[in-house]
Amino acid sequence: MTTKIVFGDVPRLYQNVRPFLSALAWNDVRNADTCAWLVAGCLESRICSIPAWVSGRISKAQFAQSREIQGRRFLENPKVDPFEIYAPLVFQALRHWGEHRLVLALDTSMLFGKFCLIRFAVTFRGRSLPLHQEVIQHESAQVSTRQLLPVLARVKGILDALGIHDVRLLADRGFCDTELMDWLWACGWNYRIRIKSNLILADLAGQRLCKLDEIRLRPRETRCFHNVAITGQAFGPVHVAVARPTDAQEQWQVVSSEPTSLETFAEYGERFQIEEGFLDDKSGLHGLESSKLRDVTSLNRLVMVLALATLFLITKGVQIVAEGRRRMIDPHWQRGLSYLKIGERAMRWALSRGLEVFTHLALPGGPDPEPLGKRKKKCPDPITLLEVGWTLVLRPLS
């Protein structure tokens, strides 16, 4: 199917994006129009810059400054709720998830040294897609559970509405907080959270066993402790896995709501997909760090625009693979690009041929039909703990 003939990639992307946004509830239809232009500009420019995004916009405004002001007013508009714009579209995509387990990754990222981006993302075939996120004015990447809960409550609302209850949350040791674990237990969600080495391990009666850093493992040894308690408040029952990779001095410790095994570290390793997402946003695909915005309200709407662009690209990549057309885009014999990169190349391929770019939003759960081919990892991660030769020890402390 071909689109209506217009000049320029940005207007044609606008034509593709606008119908998805038109179906949402807007206080002013002009906001839907501006949002569609911003997303189209973001998709085409690969830079986080309002002047670059609106340079291709077709409007009655005669001057470039006027078009830029329209974009900035949208980002500053208090009547534009990023959640009400993004949530319905990610809901539309996840309706195709099915009965599969959904794995969420939680992490934060600093912006310009003054703002903290809190993100809950769906891990999906080697990448992550923001489910809900919020920028707060906070000069540290470590946030309290009190600051997390409003964001987490909205995430739960989306998943409950979708009927997705089989959820596993992954988080780094900065989120090792018993209040958060208690909340996750109340939600019926499972979790894998890395914990600090100075945490106290106890039995369920509260009898102190040791600190985790007192456990001495041989290289490539793993020990699992089931139905134990952690911290001085003896929070439990939980399950803990401790491992020492190769000859590294640092040990890995993961607390889980489910019995642990060697596989626990591979499950936790999926958390690194959210870091790839931050990299795409900040210095990879979108270039968030080039933005000159320095206020919370504008940044929240800005990251919403980036999340919409990511959603469109990943779902386009999924569509290309599902239709068996991946090798038209990806030169590798086996899949060598992320779904995000496949989606971006497919977008430019369609634009160059006058084809419709985005037809639907769908993220199916289940196994990846075309897993990434083997390649050298940029850095070690817990998945390497599954190498042959590991010793798994299931025993209490001696």
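**Arg125 and the chain around it**

Student: Is Arg125 buried or exposed?

Tutor: Arg125 counts as buried, at 16% relative accessibility. Buried means under 20% relative accessible area, exposed over 50%, and partly exposed in between (1.4 Å probe, protein chains only).

Student: Where is Arg125 found?

Tutor: In the loop between β2 and β3. Helices (H or I, at least four residues) and strands (E, at least two) are DSSP runs, numbered from the N terminus.

Student: Before I go on, what kind of model is this?

Tutor: It is a predicted model, where local features need pLDDT of at least 70, side-chain atom pairs count only at pLDDT 80 or more, and totals for chains, interfaces and linings use all residues. Residues are numbered from 1 along each chain as its sequence is written, and side-chain values use heavy atoms, with hydrogens and water left out.

Student: OK. Back to Arg125: what is its phi?

Tutor: Phi of Arg125 is near 50 degrees, which is a positive value in a residue other than glycine.

Student: And what about the phi of Phe112?

Tutor: Phe112 is not a glycine, yet its phi is positive, about 60 degrees. Phe112 is in the loop between β1 (102-111) and β2 (115-124).

Student: What is the relative accessible area of Phe112?

Tutor: It is 28%, and Phe112 is partly exposed.

Student: Different topic. Which residues does a cis peptide bond join?

Tutor: Gly236 and Pro237, with omega about 5 degrees.

Student: Where is the place of Pro237?

Tutor: Pro237 is in strand β9, which covers residues 235-244.

Student: Now the whole thing. How many helices and strands does the protein chain have?

Tutor: The protein chain has 11 helices and 11 strands. Its radius of gyration is 23 Å, close to the 21 Å that the globule rule gives for 398 residues, so the protein chain is as compact as a globular protein of that length. That radius is taken over C-alpha atoms, and the rule is 2.2 Å times the number of residues to the power 0.38.

Student: What box do the C-alpha atoms fill?

Tutor: Taken along the principal axes, the box is roughly 80 × 45 × 35 Å.

Student: What percentage of the 398 residues count as buried?

Tutor: In the protein chain, 53% of the 398 residues do.

Student: And the contacts, what share comes from residues 24 or more positions apart?

Tutor: Such residues account for 65% of the contacts in the protein chain with a separation of 6 or more. Contact means heavy atoms within 4.5 Å.
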